[in-house]
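Please view the sequence and the structure first.

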Amino acid sequence: MLMSASMIRYRDLLIIVALCVVAYANSLGGAFIWDDEIQVIHNTRIRSLANIPEAFTKSVFDFATDRQYVTNFYRPVQMVVYAVAYSMGQLSPTPYHALSLLFHILASLLVYLILVQLAIPASGALLAAALFAVHPIHTEAVSWIAAVPEVTCGAFYFAALWAFLKSISPKNQSARIAWMVAGGTFYLAALLSKEMAITLPVVLLLFAPRTQRKALLAPVAGVTAVYLALRFHVLGFLLASASTTNVRADWVDWTTLAMHAFGDYIRLVLIPFPLTAYHLLPVRLEDRLWPTLFGLIGVLAVGALAWVFRKRFREGLPWLASFVVMLAPVFYLKGISAAFVSERYLYIPSLAVVALGGAWIVRSGSKHAMWAGWLLVALFTGLTIQRNQAWQDGETLYRQALANNPEILQFQLNESAIQKARGDEAGARASMEVAARVMASGKYSQIDTDRFRLEIALGASEAAARNFPQATVHFMTAQQLDPSSEWSYLYLGGIAIETEPDSSHALEYLNTAIRLGPSNEMARYYQGVALFNAGRKAEAVAAFREALRINPDYRDARVQLTAIEQTPKP
């Protein structure tokens, strides 16, 4: 039941802001890593603020031609944030990180305001907001640029919840309407940030007085209907799998996997260790029997504690229920990714856990418990600062995750690409061999492009060793696996450049690659090389310039362009 709001202490707001800045200041220097490459570096749509209206009429990856990026994501706010960040610093990662931190600060402040509105004393609200601000489980959401939907959704979600709760209190009808309109606006912004916001109506009903639920139902239902209509108009569907799972599993496997994942989420939000960018879970029960049993025991233990303390700590039950509700969307396991547990998914649900902690400590009246809570804040701050370092660059991220679990297929492939770019062919080959063994085992879920990526990587390795016949076999296999991807054509064009005196065959491959992947700077670079070899210097210059337009940091294209422009004219 909603009680009279506590008083807001403005010094508390300053403390929360300071904690966020201290915990995440070292994230501002992080590079673009992992999905940032496609979402930011290759995303030409974000390079003009004039393109912002398109964000609301197209899916997130509409600009990408590679079918691995065709997903069920409709997140206009993500593209708006990227466009604003690009206008601030183009392809410097710092503005993107700064905006993520800004949204995290807003979310943390709103945690405090929500709890004060729910009559939790300011001391407990401050402790809960402080724990939220520095919780290590949030490092993925705040420090990874591609995870900006988590923090934008969180900030707008909490703002909507606070505004709707505020609309219950005023006796003045105009003030009630104003807060309700604000709540509906924030709710729509949360939905346009990430699909997870669809849980807000249920959470709101958990905390609204029964007499006010009908009044809240109309605006919430109206906003939900608007969002679903927009989503259907843009995507043509409301729900679809984001990836293809190619492992044999029955309903027992999927049901127990959900229980296992839920146990992991409870453990991670209470004991954030070990943290990794990719929590790999086998799909089949036989491959994870004992961990699943331990996870189930943990879930039952939490449920038993809630039942025992249901009368002495009545406000705990709504928060426990809200944690389950907030987390519910991630149990659409076939529709999220091959990683069935992700730390960033706890960004919004962790509100319930920190609120429980703050409320319980205040209820206990123990100064020792309060001091223990603030010692935990200090510990979490240190752990967050340390964890941010893993998100500084891709190589650090992949190596730390692989040290925890070397069977992460996608990270082995990513690590292989980094090693190859550095000239470490032996290391790249070793990573590919591990990836091939994991793929052959069938133990883990694999997205349908993993085999394609492995064939491309093996072909590139053979090409680097100048074993062009074997490289061609791998690239042709990749082409059969995914004829709509530009990468096999790109590399076949590269082999033609190396092995054929006439550039016509190479240009055929590369023109096809460019048609399939117009935003692939490497295809433009190889096209420039082939054109230069054919004596078509002006066209080669145009190709290299286009590669640099797509990726201004593409060093090879800049070197080639400089060399051509500095060549004396005959």
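## Helices H23 and H24

Helix H23 (residues 504-516) packs against helix H24 (residues 521-533) at an angle of about 155 degrees, and their axes are 9 Å apart. Helices (H or I, at least four residues) and strands (E, at least two) are DSSP runs, numbered from the N terminus. Axes are lines fitted to C-alpha atoms, for helices over the stretch in contact, and angles run from 0 to 180 degrees between N-to-C directions. H23 and H24 are therefore roughly antiparallel to each other (angles under 35 degrees count as roughly parallel, over 145 as roughly antiparallel, 65 to 115 as roughly perpendicular and the rest as oblique).

On the H23 side, the residues in contact are Ala506, Leu507, Leu510, Asn511, Ala513 and Ile514, and they meet Ala523, Arg524, Tyr526, Gln527, Ala530 and Leu531 in H24. Contact means heavy atoms within 4.5 Å. The residues of this contact of H23 with H24 divide into nine nonpolar, two polar and one charged. Here Ala, Val, Leu, Ile, Met, Phe, Trp, Tyr, Cys and Pro count as nonpolar, Asp, Glu, Lys and Arg as charged, and the others, Gly among them, as polar.

## Model and confidence

This is a predicted model, in which local features need pLDDT of at least 70, side-chain atom pairs count only at pLDDT 80 or more, and totals for chains, interfaces and linings use all residues. Residues are numbered from 1 along each chain as its sequence is written, and side-chain values use heavy atoms, with hydrogens and water left out.

The chain has a mean pLDDT (the predictor's confidence in each residue, from 0 to 100) of 89, and 94% of its residues reach 70 or more.

## Two buried residues

Ser503 lies in the loop between helix H22 (487-499) and H23. Ser503 counts as buried because its relative accessibility is 9% (buried means under 20% relative accessible area, exposed over 50%, partly exposed in between, with a 1.4 Å probe and protein chains only). Leaving out residues up to four places away in sequence, Ser503 touches Ala530, Asn533 and Ala534.

Gln410 is in helix H18 (residues 409-421). At 13% relative accessibility, Gln410 counts as buried.

## Helices H1 and H16

Helix H1 (residues 10-24) and helix H16 (residues 367-388) pack at about 35 degrees, with axes 8 Å apart. The contact of H1 with H16 holds seven nonpolar, three polar and no charged residues.
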